[in-house]
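Please keep the viewer open while you read.

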Amino acid sequence: MGRLSNYVLRTFFSWERSARVAFLMAIALLIGSLLVMRFGPEQVRQPALIGFIGLLFGTQIIFMWANRTMVTAYTLAQRHYLEEDFEAARTILEKAVAEDKADANVFTLLGNTYRQLGRLDESEEVVKKAIAIRPNDHFPRYGFGRTLLIKGQYAAAAQEIKRALEAGAPFIVHIDLGEAYYRQGDFPAARTALEAVSTDEPQRAALKAYLLHRMGGNPPDEAVLREGLPYWQEVARRFAPTPYGYAVSEDVEIMQAMLEAQ
C-alpha cells in the first residue's frame with residue numbers, strides 16, 4: 001500500500017488536468033462515504049456502503065486511465081526492443097522522458113536500447129538515473145553491468161552484475177557474471193560463477209561451455225556450440241567498435257575453428 005501511495009504522489013502532477021480533478025473528487029466522495037458509514041443514521045449506512053464500493057471501482061478506473069500513456073509507452077517500447085527494432089523503442093522511450101513520464105523501468109529500457117544502438121555513454125547516463133530512483137532493483141543494476149561490460153570495464157561490470165544478483169536478478173545471470181570475471185582474467189571467480197548454474201538458452205549454454213573450455217575444461221559439445229554461435233556472431237558485429245566486440249570477435253573465430261575441426 002505504501003509503494004502504491006508513493007507512486008501516486010510521484011506521478012500525480014504528470015497526469016492530465018481532467019484526470020487529476022476526477023481523482024481528487026473521487027477521493028473526496030470516498031471519504032464522505034466513509035464518514036456517512038461511520039457516523040450517519042442507520043438507514044443510510046447501507047446505501048453509503050454501496051456508493052463507497054462503486055466509488056472505489058471508479059477511482060481505480062481513473063487511476064488506470066491517468067497512467068495509460070506510461071504503461072502503453074513502456075509496453076510498446078518493450079515489444080519493439082524484443083523484436084530488435086531498437087530505433088522504434090528509442091523514439092517511444094525518449095518521448096516518455098521528454099514528457100516527464102519516465103520511471104525507473106523506462107529509464108532502464110532506454111539505457112538498454114542505447115546500448116544495443118552502440119550509444120554507450122548515453123546508456124550509462126540513463127541507467128544511472130534508474131538506479132538513483134530504485135537503487136536496490138536488479139533490473140537497472142543488470143542493465144548498468146551489461147553496459148559497463150560492452151565498454152570493456154570488466155571489473156566494474158562484474159561488481160554491478162553481482163549487485164544485481166544480490167538484489168534478486170534471475171540465477172541465470174551468473175553466466176554474465178562469469179563472463180565479466182573471465183574478461184578481466186579472474187579465472188577462479190569465473191569458473192565458480194559459470195559452474196553455479198545450468199541453462200538451455202543456446203547463447204548462454206554455448207558461452208558457458210566455451211569459456212570453461214578456454215579455462216582448461218572439456219571441449220564444448222558441437223551441437224551446443226553450433227546452436228549458440230549465430231548469437232555471438234551478431235554480438236561481435238553489433239559491438240565491433242568496442243573492446244568487448246573485439247574480444248567476442250576473437251572468440252567467434254575460435255568457436256568457428258573448433259566446429260570446422262570437429
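Predicted model: local features only at pLDDT ≥ 70, side-chain atom pairs only at ≥ 80, totals over all residues.

Residues are numbered from 1 along each chain as its sequence is written, and side-chain values use heavy atoms, with hydrogens and water left out.

**The largest pocket**

- About 900 Å³ of space lies in the largest pocket; the volume is the space filled by probe spheres set on grid points, which are joined across faces, edges and corners.
- Of its 30 lining residues, Y81, R115, Q116, Y142 and Y231 are the closest to the centre.
- A pocket here is an open set of points on a 1 Å grid over the protein atoms alone, where a 1.4 Å probe fits and protein lies on both sides within 12 Å along at least five of seven lines; lining residues have an atom within 4 Å of a point.
- Two or more lining residues come from each of helix 4 (68-82), helix 6 (104-116), helix 8 (138-150), helix 10 (174-183), helix 12 (202-214) and helix 13 (222-238).
- Helices are DSSP runs (H or I, at least four residues), numbered from the N terminus.
- Helix 8 gives the most to this lining, with six residues.
- By class, the lining holds 16 nonpolar, six polar and eight charged residues; Ala, Val, Leu, Ile, Met, Phe, Trp, Tyr, Cys and Pro count as nonpolar, Asp, Glu, Lys and Arg as charged, and the others, Gly among them, as polar.

**Salt bridges**

- The count comes to 22 salt bridges, each being a side-chain nitrogen of Lys or Arg within 4 Å of a carboxyl oxygen of Asp or Glu.
- One of them joins R90 and E87, whose closest N and O atoms are 2.8 Å apart.
- R90 and E87 are separated by about one helical turn, because they are three residues apart in helix 5 (residues 86-98).
- R90 counts as buried at 17% relative accessibility, and E87 is partly exposed at 40%.
- For these words, buried means under 20% relative accessible area, exposed over 50%, and partly exposed in between (1.4 Å probe, protein chains only).
- R163 and E160 also meet through their side chains, at 3.9 Å from N to O.
- Both R163 and E160 sit in helix 9 (residues 154-166), three residues apart, or about one turn of the helix.
- In this pair, R163 is partly exposed at 36% relative accessibility, while E160 is buried at 8%.
- D251 and R183 form a salt bridge with an N to O distance of 2.6 Å.
- D251 belongs to helix 14 (residues 243-261) and R183 to helix 10, so the pair ties together parts that are 68 residues apart in sequence.
- Both D251 and R183 are buried.
- Through shared partners, salt bridges join R146, D176, E179, R183, E201, R204 and D251 into one network.

**A nonpolar surface patch**

- On the surface, I27, I31, L35 and F39 form a nonpolar patch with about 390 Å² of accessible area together.
- Such a patch is made of residues with over 30% relative accessible area and no salt bridge, with nonpolar side chains (Val, Leu, Ile, Met, Phe, Trp, Tyr) joined within 5 Å.
- Accessible areas come from the Shrake-Rupley method with a 1.4 Å probe, and for residues only the protein chains shown count as cover.
- F39 is found in helix 2 (residues 17-39), and its relative accessibility of 60% makes it exposed.

**Loops with positive phi**

- E84, in the loop between helix 4 and helix 5, has a positive phi near 65° and is not a glycine.
- D100, in the loop between helix 5 and helix 6, is another residue other than glycine with a positive phi, about 60°.
- D100 is exposed, with a relative accessible area of 63%.

**Two distances across the model**

- I175 has its place in helix 10 and is buried, with a relative accessible area of 1%.
- T192 is found in helix 11 (residues 187-195) and is exposed at 56% relative accessible area.
- T192 and E124 are 68 residues apart along the chain, and their C-alpha atoms are separated by 28 Å.

Technical notes
Patch = residues over 30% accessible without salt bridge, like charges linked within 9 Å, V, L, I, M, F, W, Y side chains within 5 Å.
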